[in-house]
Amino acid sequence: MTLAFRDRDKLGYFDLESLELCIRSSMHGLGRQVLEKLLNADGGDYRGRILRDEAGNGYEFREYRDKELLTVLSLLKVKRAYY
């Protein structure tokens, strides 16, 4: 916002195109942060120390791993449980 007022003082008017791009960029950044928090809110899909499939085979929890998702907002990192 400071840039917008500096441009207004320098040019005598607001550069609406620059102002719009600045606002859009800021909102994309904020949206990315909110979406990333929401996607990580499930605890990485951790389902316990041992995960069993339909056949009864057991898979032991190893660690959390980062997974990258490309969205319209940007590249996001989500933590997923790895068995």
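Residues are numbered from 1 along each chain as its sequence is written. As the model is predicted, local features need pLDDT of at least 70 and side-chain atom pairs count only at pLDDT 80 or more, while totals for chains, interfaces and linings use all residues; side-chain values use heavy atoms, without hydrogens and water.

Five aromatic pairs are present in the structure (rings of Phe, Tyr and Trp, the last by its six-membered ring, with centres within 6.5 Å; planes under 30 degrees apart are stacked, over 60 edge-to-face, the rest tilted). One of them joins Tyr46 and Phe61 edge-to-face, at 4.9 Å centre to centre and 90 degrees between the planes. This pair links distant parts of the chain, 15 residues apart: Tyr46 belongs to the loop between helix H2 (16-40) and strand S1 (50-52), and Phe61 to the loop between strand S2 (58-60) and strand S3 (63-70) (DSSP runs numbered from the N terminus; helices are H or I of at least four residues, strands E of at least two). Phe61 also pairs edge-to-face with Tyr64, at 5.2 Å and 65 degrees. Tyr46, Phe61, Tyr64 and Tyr83 form one aromatic cluster.

Tyr46 counts as partly exposed because its relative accessibility is 39% (buried is under 20%, exposed over 50%, partly exposed in between, with a 1.4 Å probe and protein chains only). Tyr64, at 41%, is likewise partly exposed.

The loop between H2 and S1 also holds Asp45, which is not a glycine and yet has a positive phi of about 65 degrees. Most residues other than glycine have a negative phi. With 33% relative accessibility, Asp45 is partly exposed.
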